[in-house]
Amino acid sequence: MSADQAEHGSQVGEREARQVAEEAREAGWERPSFGKQLFLGEFRLDLIHPHPRPGEESRRRGEEFCARLREFCEASVDGALIEREDRIPDEVVRGLAALGAFGMKIAPEYGGLGLSYLYYIRALVIVGSVSPALSALLSAHQSIGVPQPVTMFGSEEQKRHYLPRCARGEISAFLLTEPDVGSDPARLTTTATPSADGSEYVLDGVKLWTTNGVVADLLVVMARVPKGDGHRGGITAFVVEGTAAGITVERRNAFMGLRGLENGVTRFHEVRIPASSRIGAEGQGLKIALTTLNTGRLSLPAGCTATGKLALKIAREWSRERVQWGRPVGEHEAVAKKISFIAATAYALEAMAELSAQLADDKRNDIRIEAALAKLYCSEMASKIADELVQIRGGRGYETAASLAARGERGVPAEQLLRDMRINRIFEGSSEIMRLFIAREAVDAHLTAAGELIDAQLPPARRARAAARAGGFYARWLPTLVTGEGQRPGAYGEFGPLAAHLRYVERASRKLARVTFYGMARWQGRLERKQGFLGRIVDIGAELFAMSAVCVRAQRDATEASGTERGKVARELAGLFCSQARLRAEELFDQLWSNTDAVDSALARRVLAGRYSWLEDGIIDPSIPGPWIASAEPGPSDAKDVHRHIE
């Protein structure tokens, strides 16, 4: 069996890998999507404006919980201690469990708080501001751990068995990644072999980067079921008890940031699990994982929002206090531009995160594109915010908070923010993978209409029929991209000074749809390999979504909070953000056709072939010797089990 496992990953070709990913995605669009229509050149402002609002009962419960959570974090959570000792104290975990923080998203009938996504996001902002590692613990448990897939795909019996335990504070983890399996799940080698009588499965394999896995009581495990009599086979999801015989947590991993994260390597050797622990049907595991992530990704923008807010506070206070050349540094234009970027973007991150969360609460829209755009955009922009904060702080930005405090200054964790933020562009879908995922969804209408036309492997007769269908679609669609509300001077007048920005979004949306069509016409089936082009298409869409979210949020703030400081100045921040975003979008439009993508790819191939290896002369590689990818051969573990249970 181990030989079969090892062989499977190495034999997966590009076509099979793409087929596995394609079969796992949600194929239909049963509900409207603002993001989808934006990429198609239709600016459906009505889908997000008026800005969604929580119900009164939802608001009351959410505000009350967030107040209790804030009080607990201020009194009982020491972020510096977590950073210093690389561990979240058990008493903090127990305190959060007593508050109900592990059941924020679990329905009350299963012992949870039943908070809305909006207040779940706001709770994570509070926690993330004091300790990003603590936010990661809670979000990994609820957004991708046992509660989410069981709620969405589990049987009633599974919900009653697992969800109350999760709500009480039994920690859960999600295990998909393997040493040689990242964004390409077709290579997955962990197996779940069914017993002859079908009553159980035997789990074998190794999982890597198991966030929460070191302390988890319950695991969601993705494993491949072999095809056989009565078994469809394929990647399948299981809930596994963390203490089951045959499970070994072989090590706790260490990272540049998120110190305190309980992330490890977990080995399964002949672990027997009941068939009743399977979530959904055999072969449905990857679809469950991807569907779970559609809303699970909303937790990452929360952490990014916390970073934006904290960075703004530090930048404001420091830049007013620090004097150079006779003036506060914040008054020098070079620094002022950075402060402006941080302030405007922090407002945008909050607007994007909360709009996406409330769209999820409404359940009227398909938010797979919006959630992905929010994850991608917030991850990228929060990293830039953290980097700019370090630059504003200068040498003190590079110095640790502990060192600053030891020599008598305020212990500002600027460099920690930069380290902690870096992972957000990698996990739950790297930025590169997110761009491909969004691009695939963005061009779905085109592939539905013309997918067979550009598939060179299909017979000519079938492609000819596809050409007729495509002709009908484009004959109807292309004329809609010529004119729109964005060309009418008075359009969106209710938004006052922000109306011009919304008119730009509408025009740019149609332009984006046109260039996407041009790209498909030019490259046809080769478009999927034009990752630079597709990435820019997605990044333009992300800027347009961010502008839309900001304008809608500022309009709500200006009307509903008109008597507050926020209501008075929200449009200032929104207007500045939109001006900055428009410059970025226009630069991306220019780069669609003026770039070095082709020569970059050609040179990279020559680099890989060793053509320029002479350039590496004169250095000493300090890397610790070892294979690039560790062996993941199944079998018994010879390592000490470092799993620990938090009582």
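Helices and strands here are DSSP runs, numbered from the N terminus; a helix has at least four residues and a strand at least two. The structure is a predicted model.

**Backbone exceptions**

Most residues other than glycine have a negative phi, and most peptide bonds are trans. Some places in this chain depart from that pattern. W325 is found in the loop between β9 (323-324) and β10 (327-328). Its phi is near 55°, a positive value in a residue other than glycine. W325 is exposed, with a relative accessible area of 83%.

W209 also has a positive phi, about 55°, and is not a glycine. This residue lies in strand β3 (residues 200-211).

The peptide bond from H49 to P50 is cis, with omega near 0°. P50 belongs to the loop between α3 (34-39) and α4 (56-76).

**Helix packing**

Two packed helices are described by the angle between their axes and the distance between the axes. The table gives both values for two helix pairs.

| Helix pair | Angle between axes | Distance between axes |
|---|---|---|
| α13 and α14 | about 155° | 9 Å |
| α21 and α23 | about 15° | 12 Å |

Helix α13 covers residues 333-362, and helix α14 covers residues 368-393. How do α13 and α14 run, roughly parallel or roughly antiparallel to each other? Angles over 145 degrees count as roughly antiparallel, so α13 and α14 are roughly antiparallel. α13 passes α14 in a left-handed crossing. By class, their contact has 17 nonpolar, three polar and four charged residues.

For α21 and α23 the cut-off is under 35 degrees, and these two helices are therefore roughly parallel to each other. The crossing of α21 past α23 is left-handed.

**Aromatic pairs**

A pair of aromatic rings is described by the distance of the centres and the angle of the planes. With ring centres within 6.5 Å as the rule, the count comes to 13 aromatic pairs. One of them joins W523 and W593. This pair is stacked, at 6.1 Å centre to centre and 20° between the planes. W523 lies in helix α21 (residues 499-523) and W593 in helix α23 (residues 565-593), so the pair ties together parts that are 70 residues apart in sequence.

W593 is partly exposed, at 41%.

W593 also pairs with F533. Their ring centres are 5.3 Å apart and their planes stand at 50°, so this pair is tilted. It links distant parts of the chain: F533 sits in helix α22 (residues 531-560) and W593 in helix α23, 60 residues apart. F533 counts as buried, at 3% relative accessibility.

Elsewhere, ring pairs link F473, Y474, W477, F517 and Y518 into a cluster.

**Charges over rings**

Which ring does the charged end of K511 sit over? The ring is that of F589, with the charged end 4.3 Å from its centre. The charged end of R122 sits over the ring of Y119, 5.1 Å from the ring centre.

**A further spot: E317**

E317 has its place in helix α12 (residues 299-321). This residue is partly exposed, with a relative accessible area of 22%. E317 and G330 are 13 residues apart in sequence, and their C-alpha atoms are 9.5 Å apart in space.

Note on methods. Residues are numbered from 1 along each chain as its sequence is written. This is a predicted model: local features need pLDDT of at least 70, side-chain atom pairs count only at pLDDT 80 or more; totals for chains, interfaces and linings use all residues. Side-chain values use heavy atoms; hydrogens and water are left out. Axes are lines fitted to C-alpha atoms, for helices over the stretch in contact, and angles run from 0 to 180 degrees between N-to-C directions. Angles under 35 degrees count as roughly parallel, over 145 as roughly antiparallel, 65 to 115 as roughly perpendicular and the rest as oblique. A crossing is left-handed if the near helix is turned anticlockwise from the far one by less than a right angle, and right-handed if clockwise. Ala, Val, Leu, Ile, Met, Phe, Trp, Tyr, Cys and Pro count as nonpolar, Asp, Glu, Lys and Arg as charged, and the others, Gly among them, as polar. Rings of Phe, Tyr and Trp (its six-membered ring) pair if their centres lie within 6.5 Å; planes under 30 degrees apart count as stacked, over 60 as edge-to-face and the rest as tilted. Buried means under 20% relative accessible area, exposed over 50%, partly exposed in between (1.4 Å probe, protein chains only). A charge sits over a ring if NZ of Lys or CZ of Arg is within 6 Å of the ring centre and within 35 degrees of the ring normal.
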